[in-house]
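Good morning, and thank you for the time on the agenda. I would like to take you through one structure, beginning with the fold of a chain and ending at the contacts between chains.

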Amino acid sequence: MHNGIHTVKQVETLAIAASGDEIRRASEWLTTALRQRDVPDPQVACLELALHEVLANVLAHGGSAARAEPIHIRIEVRKKATTGEARVKVRDAGIPFDPTGAPERTPAKTLAEAEPGGLGLPLIRRCSDWMSYRREGGRNHFMFGARWPKL
Amino acid sequence: MFISHTDVGDNLREIVILGRLDIPGTESVAGELEKLAAAPKKGIVVDVSSLKFLASMGIRALLKSAMAVQERGGRMVLVVGTNSSVVMSLEATGVNNLIPMFKSNAEAARAAVA
């Protein structure tokens, strides 16, 4: 109890290997877990997409260390009477990478000047209300989350 | 994943993609999309309105096809219907400004061959 308002906190974890099929498994796990905890559909969809992009980045850019060890995912849902927050933490052993400090890509104005890369970070940013990163114990610890209701 | 196409006259090809354009889904259809979009048609319409999920890898595949179509003098457009998650993915990456998107197949077809 805090200020007379009861907060419910629920946690679930998953470990996956670094592969496309495992990333799909993580997406399905996240979606199921958040829906079971009555997280609103728009936040579920956004967090699923953000998680996919975070894990795809690890797979594509994390190097051999990222692929050699499991990637750990933790979700935490906190709910009060009318508000809530879902947090997702991803821990991987890949090359250090701080998505919160990565420069924003300047969007191409025409198809002729477009480059088909660098699309993951804008999706993570769009789908997260907040993000945080730290490097600790030789691992990337990236967290992001979504809150509801949206004001 | 499912990808199919219909040729409408000499100038237009309509491609429909169903399922999830995540990593495995994109890997399973990207080659076929590239081949279908390479047809010598003026307009290519790609219907993504029933996709359940559109990640960056899928957007990249769409973008590469649109670039290839433009390089050979054609035009590729998207049908998004009322799929808000697909629209959100395209808008967040700015790709909606590069590949025109339409709610209906009829609008998209007109724009593709205009």
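This is a predicted model: local features need pLDDT of at least 70, side-chain atom pairs count only at pLDDT 80 or more; totals for chains, interfaces and linings use all residues.

In chain A, 66% of the contacts with a separation of 6 or more are between residues 24 or more positions apart, where contact means heavy atoms within 4.5 Å. Residues are numbered from 1 along each chain as its sequence is written, chains are lettered from A and ligands numbered from 1 in the order in which they are written, and side-chain values use heavy atoms, with hydrogens and water left out.

Let me turn to the overall form of chain A. The chain has 4 helices and 5 strands; these are DSSP runs numbered from the N terminus, with helices being H or I of at least four residues and strands E of at least two. From the N terminus on, the order is β-α-α-α-β-β-α-β-β. The C-alpha trace spans about 55 × 40 × 25 Å along its principal axes. Of the 151 residues, 46% are buried. Here buried means under 20% relative accessible area, exposed over 50%, and partly exposed in between, with a 1.4 Å probe and protein chains only.

Two backbone details deserve a place on the slide. A:W148 and A:P149 are joined by a cis peptide bond with omega of about -5°, and A:P149 belongs to the segment after β5. A:D38, in the loop between α1 and α2 of chain A, has a positive phi of about 60° although it is not a glycine. With a relative accessible area of 58%, A:D38 is exposed.

Next, a residue inside the chain. Where does A:H141 lie? It is in strand β5, residues 139-148 of chain A, and counts as buried because its relative accessibility is 8%. A polar atom of the A:H141 side chain lies 3.2 Å from the backbone oxygen of A:E136. Leaving aside residues up to four places away in sequence, A:H141 touches several others, among them A:K89, A:R91, A:Y133 and A:E136.

I come now to charged pairs. Side chains of opposite charge can pair when their charged atoms come close. The whole structure holds 13 salt bridges over all chains, each being a side-chain nitrogen of Lys or Arg within 4 Å of a carboxyl oxygen of Asp or Glu. One of them joins A:E85 and A:R147, with the closest N and O atoms 3.5 Å apart. This pair links distant parts of the chain, 62 residues apart: A:E85 is in strand β3 (residues 84-92) and A:R147 in strand β5. A:E85 is buried at 11% relative accessibility, whereas A:R147 is partly exposed at 40%. A second bridge joins A:E76 and A:R74 at 2.8 Å between the closest N and O atoms. A:E76 is buried, with a relative accessible area of 5%, and A:R74 is partly exposed at 33%.

Finally, the interface. How many residues of chain A are in contact with chain B? There are 28, meeting 25 residues of chain B. The two chains bury about 2,200 Å² between them, 68% of it on carbon and sulfur atoms; buried area is the accessible area (1.4 Å probe) that two parts lose on being put together, summed over both. A:R24, A:L111 and A:L119 supply 30% of the area that chain A buries against chain B, more than any other three residues.

Across this interface there are 2 salt bridges. In one, the side chains of A:E48 and B:R20 meet at 2.9 Å, N to O. Helices α1 (20-36), α2 (41-61) and α4 (120-127) of chain A each supply at least two residues of the side that touches chain B, and α2 gives the most, with 7 residues. To close on the charged groups, A:R24, A:E48, B:R20 and B:D22 are linked in a network of salt bridges.

How values were computed: A polar contact is a pair of N or O atoms within 3.5 Å; within protein, one must be able to donate a hydrogen and the other to accept it, and residues adjacent in sequence count only if both atoms are side-chain atoms.
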